[in-house]
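Trainee: Can we go through some of the labels in this model? I want to know what stands behind each one.

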Amino acid sequence: MARTRHAVVIGGGIGGLTAAAALHGAGLRVTVLERGPSLQPLGAGISLSPNALRALDVIGLGDEIRSLAAWQGDGGLRTPGGRWLSRSDAAKAAERFGGPLVLLHRSTLAGLLADRLPRDAVRTSADAAVADPGGPGRPARVRTPGGEIEADLVVAADGIRSAARAVLFPGHPGPVYSGFTTWRVVIPLPGVEFASHETWGRGRIWGTHPLKDGRVYAYAAAVTPAGGHAPDDEKSELLRLFGDWHDPIPAVLAAIRPEDILRHDVHHLAEPLPAHHLGRVALVGDAAHAMPPNLGQGGNQAIEDAVVLAHHHDDLAAYTAARLPRTSAITRQAVRVARLNLTTGRAQVAVRDAAMRLLSLAGPALFLRSFDSIADWRPPQPPYASQRTQAG
């Protein structure tokens, strides 16, 4: 009887849990090592676009996530004074891209992914490091406080400051500061009606979006030196930056408690890695291709990584070939969009806003076209690895 291959996943975030679920479906025994005390992910909301939902179809989770779509009507892009630069329609976007855009809390997605794993698959409070990436005829080894674990495959999903990436590619310069910081919050906001929107100012962004459970996901960004903190608290900082912007932003700010707010400087990998694997170790998500959030693709690309890796779990060179060009291109595009979104010059802002209005007037198809090559992605075609395993 053939031995069941063992995959060790370092990191229990969205990318790591998706990889674990996909590899479990592919017939591998999986162990997830999460250094935190629980699987409650850092962060607030996550936006899942049709490409990620198709990836989740591979593990049988796509339709359940689609049912959580809350954005049903109009939305769009606004100025701080409230003027619409462009309007968008959820139904037209879903028709163009073959599915809806779904906003949900990260903890909801993490819970659904964890439910697809065996109960003993996840170990929390488990610091882990790559001791040996392994190679042909030699297993990889992962160091933990309880001793070393041998693995046929190691999935490094340990985030933007990935220790595994530093072991595999010690000469890589690592992440660079993207030039701005973000604030995120999920709160109840009863009795406030609003259209889903993102608002662009001078070097500042605000977004307000409804969730299916009745709460609101709000986020903000501002160009600022790295490492900054509010002199009082982050709610006061947001009031200073966005307190005079259009409704419903003042109502959202009034409902926020300082302790509700997550603030993080944004970093990205400006220089692509030479590969997304070495030996028996594969990198996924931010460990492989951290990008600014302005395209909403960080988590989506991690989910894509996970199902492609499960498809190619016995050929990591094929995994790199499938993922490196795509994620490198999307990272570059996210950097360009961030510079456009957060431009600070008055003249540049005026040109940007006029261009967005003209693009919107040209029609929704033209406005959405730049997202085509991202949202139309489809996972590797069946038979999936799980079906190949069962057939064998």
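Mentor: Arg78 is in contact with Arg83, Trp84, Leu85, His197, Glu198, Thr199, Trp200, His246 and Asp247, leaving aside neighbours within four places in sequence. Remember that this is a predicted model.

Trainee: Where is Arg78 found?

Mentor: Arg78 is found in strand β4, residues 74-78.

Trainee: How do you know that Arg78 has no salt bridge?

Mentor: Take the nearest side chain of opposite charge, Asp247, which is 7.9 Å away. A salt bridge needs a nitrogen and a carboxyl oxygen within 4 Å.

Trainee: Why is His276 called buried?

Mentor: His276 has 1% relative accessibility. Buried means under 20%, so His276 counts as buried.

Trainee: Where is the place of His276?

Mentor: His276 is in the loop between β16 (262-268) and β17 (277-278). Its contacts beyond four places in sequence include Val281, Tyr319 and Arg323.

Trainee: How far is His276 from Phe169 in sequence and in space?

Mentor: They are 107 residues apart in sequence. In space, C-alpha to C-alpha, they are 9.9 Å apart.

Trainee: What makes helix α2 mostly covered?

Mentor: Helix α2 spans residues 50-58, and seven of its nine residues are buried. Among them are Pro50, Asn51 and Arg54.

Trainee: Which residue with positive phi follows α2?

Mentor: Gly60 follows α2, with a phi near 80°.

How values were computed:
Residues are numbered from 1 along each chain as its sequence is written. This is a predicted model: local features need pLDDT of at least 70, side-chain atom pairs count only at pLDDT 80 or more; totals for chains, interfaces and linings use all residues. Side-chain values use heavy atoms; hydrogens and water are left out. Helices (H or I, at least four residues) and strands (E, at least two) are DSSP runs, numbered from the N terminus. Buried means under 20% relative accessible area, exposed over 50%, partly exposed in between (1.4 Å probe, protein chains only). Lys and Arg count as positive and Asp and Glu as negative; His and the chain ends are not counted. Contact means heavy atoms within 4.5 Å.
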